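Please look at the sequence and the fold first, and then read on for a description.

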Amino acid sequence: MTNQNVIISDPRSGFDSSLLSFSPAVPGPLPQPGRFIAVPAMKSFKNIDSTDATRITALLDSMRASSPTRRSSETENLKSWIVHHPSALNMFDEIINSSNGKQIVVFLDYDGTLSPIVDDPDKAFMTSEMREAVRNTSKYFPTAIVSGRCRAKVFNFVKLSELYYAGSHGMDIKAPVKGRNYRKGNNQTVLCQPAREFLPMISEVYKSLVEKTKSIPGAKVENNKFCLSVHFRRVEEKRWTELAEQVKSVTKEYPRLRLTQGRKVLEIRPSIKWDKGNALDFLLESLGYANSNDVLPIYIGDDRTDEDAFKVLRDRGQGFGILVSKSPKETNATYSLQEPLEVMYFLNRLVEWKQSSLQQRYQKK
């Protein structure tokens, strides 16, 4: 099969401007409720035994590079890297100047961006101060959480119904429950699930992986609905190759799934052309900003999967990607922040700036 289905339920959603301090643009033409649009499948990796060892080594090397240990030699590299990816806090005025006459839309990854990276993924809790910062941000700017986690799980972490949520790397998108326009006859939602047909396969692979990896202490398989994550963070590094081989032994039986890596995690995803960049485009279109010059998207994330969204912004020549990292990394992001605490500072400054500008506008009337 070369095409997958995207299920869209009335994506013409907006926010109630009486509750929030921004007004979405008029949505552009989108598929009608219940219609399907085609998403091409990606070419799957050939499962040839002689290449498995090489591919596993490459995946593990890339995973280590995604989670580097700070070394003294990195200090000079970081200084050089910062020149090309300056702090978003230091460049805040420049970012704001770019938003003149435009609607800022905020996209946020979760793990490593709103919460610290922790050994147990089930305990990646955000602070109450961070939650308040995100809540306040959503009062003035359309705000979306775009995560590799399943949508329900990331919502349980964030606990804010005012936001858009895009789980499973953007393969499961839902509009806000709170703060939307509930005019009579216009109770609309956004639902995008381009990999829905893969659900039985993902469930089957999840059961196989749990059984296959249970002999390795610390290994954890997380079911993110439309994708799976195999966590290495609590596994001794000397057993990483063994764990990766077990994962590969399962996934090679499923050529329609692909294996990718992140920060001490291997991920199993459907081989379709859909990622966080596609999710960003879809959400902008749902908000009415498709092909619009009146929007400034800001995407903040820390993982390799966020690079797809950074690249979309760079290719559009519109908006800014902000990488959260304490170490130099190759990235399509324009700016950087070092840790979730700095992300919170940045969001708070956005809110303070917006409150100040609204107050000045009110005083002029």
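Helices (H or I, at least four residues) and strands (E, at least two) are DSSP runs, numbered from the N terminus. The structure is a predicted model, in which local features need pLDDT of at least 70 and side-chain atom pairs count only at pLDDT 80 or more, while totals for chains, interfaces and linings use all residues. Residues are numbered from 1 along each chain as its sequence is written, and side-chain values use heavy atoms, with hydrogens and water left out.

**Overview**

The protein has 10 helices and 14 strands. Of its 365 residues, 53% count as buried, where buried means under 20% relative accessible area, exposed over 50%, and partly exposed in between (1.4 Å probe, protein chains only). Among the contacts (heavy atoms within 4.5 Å) with a separation of 6 or more, 68% join residues 24 or more positions apart.

Ile104 is found in strand 3 and counts as buried, at 2% relative accessibility. Leaving out residues up to four places away in sequence, Ile104 touches Ile96, Ser99, Phe141, Pro142, Leu296, Ile298, Leu350 and Trp353. Ile298 is 194 residues away from Ile104 in sequence, yet the two are 7.1 Å apart in space, C-alpha to C-alpha.

Ser115 lies in the loop between strand 3 (103-108) and helix 4 (128-140), and Ser115 is buried too, with a relative accessible area of 0%. Neighbours within four places in sequence aside, Ser115 is in contact with Tyr110, Ala124, Phe125, Met126 and Pro340.

**Nonpolar cores**

A nonpolar core is a set of buried Ala, Val, Leu, Ile, Met, Phe, Trp, Tyr and Cys residues joined through side-chain atoms within 4.5 Å. The largest one has 57 residues, and those with the most contacts inside it are Phe107, Leu209 and Phe232. Apart from this core lies another, of 38 residues, which include Tyr110, Val154, Phe320 and Val351. Phe232 itself touches Leu60, Met63, Trp240, Leu243, Ala244, Lys264, Val265 and Leu266, when residues up to four places away in sequence are not counted.

Two strands pair if DSSP finds at least two bridges between them. In the order 8-9-11-10, 4 strands form an open sheet with antiparallel pairing. Strand 8 and strand 10 (257-262) stand at the edges, each with a single partner strand, so one side of each is left without a neighbour in the sheet.

| Item | Value |
|---|---|
| Strand 8 and strand 9 | residues 220-223 and residues 228-231, antiparallel, 4 bridges |
| Lys220 | bridge partner His231 in strand 9 |
| Val221 | bridge partner Val230 in strand 9 |
| Lys225 | positive phi near 75 degrees, in the hairpin with 4 residues between the strands |

**Two helices in contact**

Helix 8 (residues 276-286) and helix 9 (residues 307-316) pack at an angle of about 55 degrees, with their axes 6 Å apart; axes are lines fitted to C-alpha atoms, for helices over the stretch in contact, and angles run from 0 to 180 degrees between N-to-C directions. Angles under 35 degrees count as roughly parallel, over 145 as roughly antiparallel, 65 to 115 as roughly perpendicular and the rest as oblique, and helix 8 and helix 9 are therefore oblique to each other. On the side of helix 8, Lys276, Gly277, Leu280, Asp281 and Leu284 meet Asp308, Ala309, Val312, Leu313 and Arg316 in helix 9.
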